[in-house]
Amino acid sequence: MSEAIRNAFHQQASGCRAMNSPLTAAILETLAYTLNHSTRTGARILDWPGDPMADALKLRIAGGLHALARSEQDADLTALYRTGTGDFATILPRVLIEWDDWLYPWLDSPPQTNEVGRSAALMAGLMVAAQRLDMPIELLELGSSAGLNLNLDRFCYNLGGLEAGPIDAAVRIMPDWTGNAPEGQWPQIIARNGVDQNPLDVRDEAIAARLLAYCWPDQHDRLARLEAAIEIARAFPPAVAAGDAADWIEHKLAEPQARGTARIVMHSVFWQYLPVDTQKRIETAILKAGKTAAPDYPLGWLSFEPDPSTISPMQLRLRLWPSGGSLHLAACHPHGASINWFGREKSA
């Protein structure tokens with residue numbers, strides 16, 4: 001089993017390198033050949049009973065090491081992370097020994113991230129919906145984590161040359177863009193709510209620090225953007241309920257909808273982590289609500305999710321009711337760093 005674990009670390013390292021995080025790649029590659037059973041943390045990793053890829057095992061320990069480096073409690077580790085250079089093969093094994101008890105709990109749960117860069121794609125989709133529906137929006141997000149993307153209208157964007165959003169926003173997102181700029185209008189979001197099995201309240205310094213630790217350390221723009229988004233969330237705390245996404249959306253879609261308000265269900269890199277039964281329940285609830293949608297009570301479903309049938313990792317799709325229109329809007333980088341905009345209609 002240890003060999004499968006080491007291979008998983010190498011595989012994740014290749015993915016990190018491909019997504020422009022050579023430091024995280026180097027950390028994981030070093031762990032792949034230096035991990036041993038001499039520490040509780042190392043033994044737990046090498047004897048992991050589950051699927052190391054599905055369980056994001058590699059990113060659990062990567063988050064712990066980044067958190068330790070950010071805490072500046074170990075000078076050599078902090079220097080390694082700041083410079084991206086050093087004796088990885090000496091420092092990391094020593095850190096696992098000396099900080100074994102500190103790192104061990106980071107293996108208890110998978111990373112919870114809240115990638116703000118995805119807001120560029122999500123906002124472009126909301127702009128299309130806003131233009132087509134031409135009414136204020138009630139936003140319902142599934143898998144919100146800390147709810148940072150519920151504040152997406154408080155960010156500023158450059159979407160293929162189209163400047164959108166408050167120009168003085170602390171968060172500014174400029175993805176590499178291919179294709180035409182999105183045709184749409186800035187959405188008026190009058191209500192916003194989300195759900196997560198374990199919502200993160202970033203007003204808690206420890207929780208905010210944990211969220212930052214899961215952001216790859218050599219991607220400085222992402223870290224700065226995340227820090228700014230956390231400050232916005234502290235000023236405008238998003239309403240994120242703790243609960244099961246299927247239960248929550250069934251309840252929300254059954255609530256009365258204000259006339260002249262568009263209800264939009266939104267999620268990003270969420271669907272793939274759900275059991276099939278939960279996926280079916282959510283889809284059934286949305287399609288049921290779609291059948292009762294009317295021009296004065298429209299519904300939308302905006303998703304930023306992987307599609308195994310395509311080469312690009314993430315696909316941005318929008319469905320609208322009562323029109324029944326289905327749009328394949330874009331293919332996107334997992335972190336939203338690049339967007340290939342289609343904006344095209346597809347049959348439902």
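In which helix is T41 found? In this predicted model, T41 is found in helix α3, which covers residues 40-46. The relative accessible area of T41 is 0%, and because buried means under 20% relative accessible area, T41 is counted as buried. The side chain of T41 makes a polar contact with the side chain of D100, at 2.6 Å.

The protein chain as a whole has 12 helices and 12 strands. Its radius of gyration is 21 Å, close to the 20 Å that the globule rule gives for 348 residues, and the chain is therefore as compact as a globular protein of that length. Taken along the principal axes, the box filled by the C-alpha atoms of the protein chain is roughly 65 × 40 × 40 Å. Of the 348 residues, 53% count as buried, and the accessible surface of the chain comes to about 15,200 Å², with 51% of this area belonging to carbon and sulfur atoms. Among the contacts between residues at least 6 apart in sequence, 68% join residues that are at least 24 apart.

Leaving out residues up to four places away in sequence, S144 touches N114, L150, G194, V195, D196 and V240. The backbone of S145 has a positive phi of about 60 degrees, although S145 is not a glycine.

A positive phi is also found at E72, a residue other than glycine, where the angle is near 65 degrees. E72 lies in the loop between α4 (57-71) and α5 (75-83). Another backbone feature concerns W321 and P322, which are joined by a cis peptide bond with omega of about 15 degrees. Of these two residues, P322 is found in the loop between β10 (314-321) and β11 (326-332).

W99 lies in the loop between α6 (88-98) and α7 (100-103). Is W99 buried or exposed? The relative accessible area of W99 is 18%, and since the limit for a buried residue is under 20%, W99 is counted as buried. Along the chain W99 and L65 are 34 residues apart, while their C-alpha atoms are separated by 9.5 Å. Not counting residues up to four places away in sequence, W99 touches L68, Q73, D74 and R94.

Note on methods
Residues are numbered from 1 along each chain as its sequence is written. This is a predicted model: local features need pLDDT of at least 70, side-chain atom pairs count only at pLDDT 80 or more; totals for chains, interfaces and linings use all residues. Side-chain values use heavy atoms; hydrogens and water are left out. Helices (H or I, at least four residues) and strands (E, at least two) are DSSP runs, numbered from the N terminus. Buried means under 20% relative accessible area, exposed over 50%, partly exposed in between (1.4 Å probe, protein chains only). A polar contact is a pair of N or O atoms within 3.5 Å; within protein, one must be able to donate a hydrogen and the other to accept it, and residues adjacent in sequence count only if both atoms are side-chain atoms. The radius of gyration is taken over C-alpha atoms; the globule rule is 2.2 Å times the number of residues to the power 0.38. Contact means heavy atoms within 4.5 Å. Accessible areas come from the Shrake-Rupley method with a 1.4 Å probe; for residues, only the protein chains shown count as cover.
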